[in-house]
Amino acid sequence: MLTRNNHSHVLKARLAGAFVVGALALSGLGAPAYAEEVVTGGITVDDAQAQESLELVDQSDGLQAADDAIVLEDQDVSLVAQSVPSAVDAALIKLVDNETYVAIKRVLELNNVKLSDEAVITSARQAYSELPLDTRQSIEQLVPQIPDTIAKAEEQLAELRKSEQVITATDKSVAMGKTVKLGATTTGNGKLTYGCSNTAVATVSSKGVVTPLSVGTAKVIITAASTDTYRVAVKTVNLTVTKGKQTITAADKTVFVGKKSKLGAKTSGDGALTYKSSNTSIATVSSTGVVAGKKAGSVTVTITAAATKNYNKATKRVVVTVSKLDNTLSVAATKPTVTASRKTLASRAVVLSRNVKVSKPVGKVTYANVSTDATAKKFVVNAKTGKVTIPAGTKAGTYKVKIKVVAAGDATHLKAAKKATYNVRVK
């Protein structure tokens, strides 16, 4: 049979245990393994005994006064000591009265704050704030989570008083190499922010633009921030990144026989590029896209970007024209004017030394008279030597002679023709 003495201490032990367990649970630390024993005090008490205990405490002038007036028997002291797991519990129950304890305990037991909890939260805040400063400091040394728990409950309550805002957004699919805008909206005025569950698959800009990074799936978390009038809202949409189409960039190319030129092909994807010439006797292409001209003509080079995890295979064809090199032929008149004797010409033709200097010709060189002067047109030019023969009977005068020099070129060089002009004076 429980006496008044052990009734009072059992009740206080139960209150202290529940107080600590509630604070630890709501603060995220979890209830201790002895939680049930603390709350029940390790003693089985029926309803009648519990009521009797409460009446005994109510009749006293408070827990501290009752505690001072009660003298425990040895057996009762041993029983209560077994029911209290630490000195913290006993100390807490001595710091506050029953009304304050109950008010705070109710807040600590709240799992999800609702608007209907406003009276409970207000009561706890008022009761706790009215405690003497040294009492609050003592409590916070034992259970520092209590003031934060009350404050958070008030914050949650304030948030619940705001209007709900609803985010509208749909699942998206985007191919590699492209971007897509989520187009999210909210019925409230909260600023929208975005996060991605897998940043290896995609990133999301501050404006809700998705840039894919790899084929796969991810979730985009859209948050509408809390404002003065709207509470925070969150919506999650699914994102699927599919293989993209890679585009090869390359242009037609001209290369000279015996020379090399790089195609400079690029792909928008990540596929390795390979090259193939339609006629390797005209031009070949290396594994790095370098074209080598073999002989004059044209070929089609097929460029392939291999399929990868993120991109499909792609091909592009360009035309490569192989041209001969320009001929290096250079010509010039040796002297601006050459002279022939009129007296000699009266009886016979005069052959002048070649007055054209020819440099760096490629291929066979030939000469021809292309003068426009009526008299000079009659001069005979040796096609092989370039020497000019002035016909007999040519009258005195100065005549402009124009000689055309042709270099035939070869397998690697083009044919070229250049002219040299000088004067022939007959006197």
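Author: Two strands pair if DSSP finds at least two bridges between them. Strands (E, at least two residues) and helices (H or I, at least four) are DSSP runs, numbered from the N terminus. This is a predicted model, in which local features need pLDDT of at least 70, side-chain atom pairs count only at pLDDT 80 or more, and totals for chains, interfaces and linings use all residues. Residues are numbered from 1 along each chain as its sequence is written, and side-chain values use heavy atoms, with hydrogens and water left out.

Reader: Which residue is the bridge partner of G216 in β9?

Author: Strands of a sheet pair through backbone hydrogen bonds, either parallel or antiparallel. Here G216 has V241 as its bridge partner. The two strands, β8 (residues 216-224) and β9, run antiparallel and are joined by nine bridges.

Reader: How many bridges join strand β2 to β9, and do they run parallel or antiparallel?

Author: Four bridges join β2 (residues 172-175) to β9, and these strands run parallel. K172 stands opposite L239 in β9.

Reader: What is the order of the open sheet of three strands?

Author: The order is β3-β7-β6, with antiparallel pairing. β3 (180-181) and β6 (202-204) are the edge strands, each pairing on one side only. Between β6 and β7 (residues 209-212) there are three bridges, and A202 stands opposite P212 in β7.

Reader: How many salt bridges does the count come to?

Author: Side chains of opposite charge can pair when their charged atoms come close. The rule for a salt bridge is a side-chain nitrogen of Lys or Arg within 4 Å of a carboxyl oxygen of Asp or Glu. By this rule the count is four. One of them joins E118 and R161, with the closest N and O atoms 3.0 Å apart. E118 lies in helix α8 (residues 118-129) and R161 in helix α10 (residues 145-161), so this pair ties together parts 43 residues apart in sequence. Another joins E154 and R125, at 3.4 Å from N to O. That pair also links distant parts of the chain, with E154 in helix α10 and R125 in helix α8, 29 residues apart.

Reader: In the salt bridge of K114 with D117, how far apart are the closest N and O atoms?

Author: They are 3.8 Å apart. For burial, the classes are buried (under 20% relative accessible area), exposed (over 50%) and partly exposed in between, with a 1.4 Å probe and protein chains only. D117 is buried at 9%, while K114 is partly exposed at 46%.

Reader: Which residues is E159 in contact with, leaving aside its neighbours within four places in sequence?

Author: Contact means heavy atoms within 4.5 Å. E159 is found in helix α10 and is in contact with S226, Y230, R231 and V232. A polar atom of the E159 side chain lies 2.7 Å from the backbone nitrogen of V232. E159 counts as buried, at 18% relative accessibility.

Reader: Which residues make the nonpolar surface patch?

Author: Patches are made of residues with over 30% relative accessible area and no salt bridge, where like charges are joined within 9 Å and nonpolar side chains (Val, Leu, Ile, Met, Phe, Trp, Tyr) within 5 Å. Accessible areas come from the Shrake-Rupley method with a 1.4 Å probe; for residues, only the protein chains shown count as cover. I221, V232 and V234 make this patch, of about 230 Å². V234 lies in strand β9 (residues 233-242) and is exposed, with a relative accessible area of 56%.

Conventions: Polar contact = N/O pair within 3.5 Å; in protein donor to acceptor, adjacent residues only side chain to side chain.
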